[in-house]
Amino acid sequence: MPFEDGDCDTAEYSLGSDGYVTVLNSEDRKDGEQSSKGWAYCDSNGTGQCYVKFSIFSPYASYRVLETDYNTYTCVFSCFSVGLFHFEWGWYLARSTDY
């Protein structure tokens, strides 16, 4: 992804009173820190299906939580198709770099 070109990528999530999650992704680059703010929400049916976007002009993208222990790690999968092309990403998110 274009955003993930730097080092020390971090993601901060905060739940708003409206039920939406604010997402702040940051990373270190040669020319300084780069960050991107987004919004997310999750289905309430317990499937781990969430949706996230980083622009008011873009649609929400699928963001599925595959596994988490709610304290130290989360494994996430996302995919989408554009015409004949299909894209898939996976992330392993940890609260500590020692994990």
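**Figure 1. Burial and overall build of the protein chain.** Of the 99 residues in the protein chain, 17% count as buried. The model is predicted. The accessible surface of the protein chain comes to about 7,400 Å². Carbon and sulfur atoms hold 54% of that surface. The protein chain has 7 strands and 0 helices. In sequence order the pattern reads β-β-β-β-β-β-β. Along the principal axes, the C-alpha trace spans about 40 × 40 × 25 Å. Among contacts with a separation of 6 or more, 14% join residues 24 or more positions apart.

**Figure 2. The aromatic pair Y20 and Y41.** The protein chain's aromatic pairs number 8. In one of them, the ring centres of Y20 and Y41 are 5.7 Å apart, with the planes at 65°. The pair is edge-to-face because that angle is over 60 degrees. Y20 sits in the loop between β1 (7–15) and β2 (21–29). Y41 belongs to strand β3 (residues 32–42). The pair therefore ties together parts that are 21 residues apart in sequence. Y20 is partly exposed, at a relative accessible area of 37%. Y41 is also partly exposed, at 28%.

Figure 3. Y60 comes from the loop between β4 (49–53) and β5 (61–68), whereas Y41 comes from strand β3. The pair thus ties together parts that are 19 residues apart in sequence. Y60 is partly exposed, with 30% relative accessibility. Ring pairs link Y20, Y41, Y51 and Y60 into a cluster.

**Figure 4. The largest nonpolar core.** Seven residues build this core: V21, V23, A40, C50, V52, Y63 and V76. Strands β2 and β4 each supply at least two of the core residues. In soluble globular proteins, nonpolar side chains tend to be buried together. Y63 is one of the core residues. Beyond its neighbours within four places in sequence, Y63 is in contact with Y13, G48, Q49, C50, Y51, V52, V76, F77, W91 and L93. Three of these contacts, C50, V52 and V76, are core members too.

**Figure 5. A nonpolar patch on the surface.** F80, V82, L84, F85 and F87 form the patch. Together they have about 560 Å² of accessible area. Strands β6 (73–82) and β7 (85–94) each give two or more residues to the nonpolar patch. V82 lies in strand β6. V82 has a relative accessible area of 47%. That value falls between the 20% and 50% limits, so V82 is partly exposed.

**Figure 6. Y70, a residue with positive phi.** Y70 is not a glycine, yet its phi is positive, at about 70°. Y70 is found in the loop between β5 and β6. The residue Y70 is exposed, with a relative accessible area of 67%. The limit for exposed is over 50%, so Y70 qualifies.

**Figure 7. S14 in strand β1.** S14 lies in strand β1. It is partly exposed, at 39% relative accessibility. S14 touches Y20, V21 and T22, leaving out residues up to four places away in sequence. Of these, Y20 belongs to the ring cluster and V21 to the largest nonpolar core. S14 and W39 are 25 residues apart in sequence. Their C-alpha atoms are 9.7 Å apart in space.

**Figure 8. K53, a buried lysine in strand β4.** K53 is found in strand β4. K53 has a relative accessible area of 15%. Buried means under 20%, so K53 counts as buried. Leaving out residues up to four places away in sequence, K53 touches G38, W39, S58, P59 and Y60. One of these, Y60, belongs to the ring cluster. K53 and T97 are 44 residues apart along the chain. A distance of 26 Å separates their C-alpha atoms.

Technical notes. Residues numbered from 1 in each chain as written. Predicted model: local features only at pLDDT ≥ 70, side-chain atom pairs only at ≥ 80, totals over all residues. Heavy atoms only, no water. Phe/Tyr/Trp six-rings, centres within 6.5 Å; stacked < 30°, edge-to-face > 60°. Helix = DSSP H or I, 4+ residues; strand = E, 2+ residues; numbered from the N terminus. Buried < 20%, exposed > 50% of the residue type's maximum accessible area, 1.4 Å probe, protein only. Core = buried A, V, L, I, M, F, W, Y, C linked by side-chain atoms within 4.5 Å. Contact = heavy atoms within 4.5 Å. Patch = residues over 30% accessible without salt bridge, like charges linked within 9 Å, V, L, I, M, F, W, Y side chains within 5 Å. Areas by Shrake-Rupley, 256 points an atom, 1.4 Å probe, with all protein chains shown as cover. Salt bridge = Lys/Arg side-chain N within 4 Å of Asp/Glu carboxyl O.
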